Amino acid sequence: MDDKRKQDGRDDAKVDLNDPNEVSYAAQQAGISPSEYKEYAKAAGTSSRKAIAEYIAEHK
């Protein structure tokens with residue numbers, strides 16, 4: 001889980017796929033549902049925001 005006390009920006013590059021708020025926000029930005037976002041993240045094999053966004057762009 002994310003340590004919400006850390007605010008140094010390192011965490012911004014990844015999505016905590018166990019945090020519904022983070023998944024919901026990332027999914028909203030991608031224009032898909034949170035469940036779809038989690039499926040894409042699993043298929044991409046990463047929690048990197050950039051890698052998931054690229055995977056979605058290629059497979060949507």
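Predicted model: local features only at pLDDT ≥ 70, side-chain atom pairs only at ≥ 80, totals over all residues.
## Overall make-up

The protein chain has 60 residues. Its secondary structure comes to 3 helices and 0 strands. Read from the N terminus, the order of elements is α-α-α.

How much of the chain is buried? Of its residues, 25% count as buried. Now take the contacts between residues at least 6 apart in sequence. Among these, 33% join residues at least 24 apart.

## How α1 meets α2

Two packed helices are described by the angle between their axes and the distance between the axes. Start with helix α1, residues 20–30, and helix α2, residues 34–44. Their axes are 8 Å apart, and the packing angle is about 90°. An angle of 65 to 115 degrees counts as roughly perpendicular. The helices α1 and α2 are therefore roughly perpendicular to each other.

Which residues make this contact? From α1 come Val 23, Ser 24, Ala 26, Ala 27 and Ala 30. From α2 come Pro 34, Tyr 37 and Lys 38. By type, the residues of this contact divide into 6 nonpolar, 1 polar and 1 charged.

Between α1 and α2 there is a loop, and Ser 33 sits in it. With a relative accessible area of 26%, Ser 33 is partly exposed.

## How α2 meets α3

Next comes the pair α2 and α3. Here the angle is about 100°, and the axes are 9 Å apart. So α2 and α3 are also placed roughly perpendicular to each other.

On the α2 side, the contact uses Tyr 37, Tyr 40, Ala 41, Ala 43 and Ala 44. On the α3 side, it uses Arg 49, Ile 52, Tyr 55, Ile 56 and His 59. The residues divide into 8 nonpolar, 1 polar and 1 charged.

## The nonpolar core

In soluble globular proteins, nonpolar side chains tend to be buried together. What makes up the largest nonpolar core here? It has 10 residues. They are Val 15, Val 23, Ala 26, Ala 27, Ile 32, Tyr 37, Tyr 40, Ala 41, Ile 52 and Ile 56.

Look at Ala 41, a member of the core. Set aside its neighbours within four places in sequence. Ala 41 is then in contact with Leu 17, Thr 46 and Ile 52.

Tyr 40 lies in helix α2. Is Tyr 40 buried or exposed? Its relative accessible area is 18%, so it is buried, since buried means under 20%. Leaving aside neighbours within four places in sequence, Tyr 40 is in contact with Ile 32, Tyr 55, Ile 56, His 59 and Lys 60. Its C-alpha atom is 8.9 Å from that of Ala 53, a residue 13 places away along the chain.

The structure holds 1 aromatic pair. Its rings belong to Tyr 40 and Tyr 55, with centres 6.2 Å apart and planes at 65°. Planes over 60 degrees apart count as edge-to-face, so this pair is edge-to-face. Tyr 40 is in α2 and Tyr 55 is in α3, so the pair ties together parts that are 15 residues apart in sequence. Tyr 55 has 22% relative accessibility and counts as partly exposed.

Finally, consider Ala 57, which lies in helix α3. Is Ala 57 buried or exposed? Its relative accessible area is 62%, so Ala 57 is exposed. Exposed means over 50%.

How far apart in space are Ala 57 and Ala 30? From C-alpha to C-alpha the separation is 9.1 Å. Along the sequence, these two residues are 27 apart.

Key
Residues numbered from 1 in each chain as written. Heavy atoms only, no water. Axes fitted to C-alpha atoms, helices over the stretch in contact; angles between N-to-C directions. Helix = DSSP H or I, 4+ residues; strand = E, 2+ residues; numbered from the N terminus. Parallel < 35°, antiparallel > 145°, perpendicular 65-115°, else oblique. Contact = heavy atoms within 4.5 Å. Nonpolar A, V, L, I, M, F, W, Y, C, P; charged D, E, K, R; others polar. Core = buried A, V, L, I, M, F, W, Y, C linked by side-chain atoms within 4.5 Å. Buried < 20%, exposed > 50% of the residue type's maximum accessible area, 1.4 Å probe, protein only. Phe/Tyr/Trp six-rings, centres within 6.5 Å; stacked < 30°, edge-to-face > 60°.
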